[in-house]
Amino acid sequence: MSEPRTIIRCGTIFDGAGGASRQADLAFRGGIIEVVGSVEAHPGDTIIDATGRYLLPGFIDAHSHADAAVFLPDVQRGLLRQGVTTVIAGQDGVSYAPGDGVYATEYFGALIGPHPTYKGGGVGALLGLYDETTPINVGYLVPAGTVRHVVKGYATGLSSPAEITAMRELVQIGLDEGALGLSTGLDYVPNIYADTAELIALCRPVAEAGGIYVTHMRGGYETNAPIGIAEVSEIALTTGVTVHVSHYHGPSELLIDLAVGMESRGISMTFDTYPYRRGCTLLAMPTLPPSLLAGSNTEVAAKLSRPNVRADLFANWFPRLDADPEMGPEWPDNLTLAHIAAADYDWAHGLTLGAAAEQLGLDPPTFTLDVLAASALEVSAVMTVRHQRPYQDLAKLFTHHAHVAGSDGIYIGEHPHPRAWGTFAKYLRVFTRERGDYDWSDAAVHLSGRTAERFCLGDRGRLWPGYAADVVIIDPAAVADQSDYDSPRTDSVGIDDVFVGGQQVLAGGQLTGITSGRGLRRSTPAK
């Protein structure tokens, strides 16, 4: 007996390839789209009326930290109500595989937390744990920082030829097991110690496999972006690898000029951005000197309790923060505590560093060191930048042909950044419906189709026959983000029905309990 068929009738279809919209039926069976057009119903078919609504391919979050959070029902619902059916994990050079997951759980505890079941076995084992255990598809990048840690721990300095060979072998194994490419986080330990030659060596197998190199660049972003782009360009020109820049933020004209310059040199480049003007980071990153962050979180936290270390920070480091043009003397009021591992500080979630310090009668530098030490550095914060850019400036990046949507969503913490629950709905509300920077066909490309192509997701990102039935049904007049900086875990509205692999995982805005998501292995598009 053939599998039952689902027919979505009378929706307006935007195919993810940039084609003109069409009002048509969409029929799928066994997880695969069979027909886009006029479909005659047969006995046993499930019929869904989508009159007045839009059908788009399931959205793909090009930069997500939902590596473990995809197993949590509130996160699943929060993603699906934005239309997100696939996340790309393994970002910023830090995640569970290869290795046993201990390094990532400690170092990125405030960003990804512990995986509920992975204890080792590599990329293939990790991808297998996503098969039919969550309604969300998960693609994975081999994280270069984790690879370096497996080979040489937190050691600083250049890697030997033997160490680079061992790292390259781990990358190759990950690619063979289905990884989409390689990620780096060149501000994070120990990936920060890798020189360009090491990164080139690790990118060679990625280029040979047709994968993608995804990078949190070295040297910071904003006006320092040329530093990182220069290194990314050298890696791409030397290896021929396809490159993607994570959370590309800074002056739009500068960033676009850099992207155009890369393309003019024959580099295949894309980038992701999110539609918010505040960021989120590990609290230690902006508040401690990089030289102090060498070693494990436990080792660094122990240093913060030493009187001589504190005296040096008070005398030499914190005055520099006050004078820094990006931080300034108001930095304690621009960092809102999102996640704090130490239970004694639960009361401080959602407060700025300045407000929390005031409650205890402490100065902000002392409170900062206390909370980091008590939490073994497992603290994250939402950061207000001093000079927020208007939407019209952000829209120049969002509409660039190299742009794809990414939330940089972090799901750990009592008071996370609202981008985790709102990014994709905000693209549709602000930049599609209200401002008109995208039309709906453009939105389907930026939020799904182009990402599927770049990340080698095969039969995702299109509403075409032969492609996977990851389908989002949208009320175009109602879709909107509801999360904000005061209530960051609030679900979006206007997307109530979502299919993943042909199974309805969201119905009437609620989870159905079906877990048809998969660990997505690198593949080529359907023909």
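Guide: Happy to, starting with two helices: α14 and α15 are roughly perpendicular to each other. Bear in mind that this is a predicted model, where local features need pLDDT of at least 70, side-chain atom pairs count only at pLDDT 80 or more, and totals for chains, interfaces and linings use all residues. Residues are numbered from 1 along each chain as its sequence is written, and side-chain values use heavy atoms, with hydrogens and water left out.

Visitor: Why are α14 and α15 called roughly perpendicular?

Guide: The axes of α14 (residues 391-398) and α15 (residues 419-434) cross at roughly 115° and come within 12 Å. Angles of 65 to 115 degrees count as roughly perpendicular (under 35 is roughly parallel, over 145 roughly antiparallel, the rest oblique), so the label for α14 and α15 is roughly perpendicular. The crossing is left-handed.

Visitor: What makes the contact between α14 and α15?

Guide: Y391, A395 and F398 of α14 meet K426, Y427, V430 and F431 of α15; contact means heavy atoms within 4.5 Å. Those residues divide into 6 nonpolar, no polar and 1 charged.

Visitor: How do you know whether F431 is buried or exposed?

Guide: Its relative accessible area is 0%. Buried means under 20%, exposed over 50%, and partly exposed in between, with a 1.4 Å probe and protein chains only, so F431 is buried. Beyond residues up to four places away in sequence, F431 touches P275, Y391, A395, F398, K426, G436, D437 and Y438.

Visitor: What makes strand β1 largely enclosed by the rest of the structure?

Guide: In β1 (residues 5-13), 7 of the 9 residues are buried, so the strand counts as largely enclosed.

Visitor: How do you know which strands pair with β1?

Guide: Two strands pair if DSSP finds at least two bridges between them. β1 and β2 have 7 bridges in the antiparallel sense, with I7 partnered by A27 of β2. Then 4 bridges join β1 to β4 (residues 46-49), and these run parallel; here I8 has I48 as its partner. With β5 (residues 54-57), β1 pairs over 2 bridges, again parallel, and T12 is partnered by Y54.

Visitor: And what joins β2 to β3?

Guide: There are 5 bridges between β2 (residues 22-29) and β3 (residues 32-37), which run antiparallel, and L26 stands opposite V36. Their hairpin has 2 residues between the strands, and G30 takes a positive phi near 60° there.

Key: Axes are lines fitted to C-alpha atoms, for helices over the stretch in contact, and angles run from 0 to 180 degrees between N-to-C directions. A crossing is left-handed if the near helix is turned anticlockwise from the far one by less than a right angle, and right-handed if clockwise. Ala, Val, Leu, Ile, Met, Phe, Trp, Tyr, Cys and Pro count as nonpolar, Asp, Glu, Lys and Arg as charged, and the others, Gly among them, as polar.
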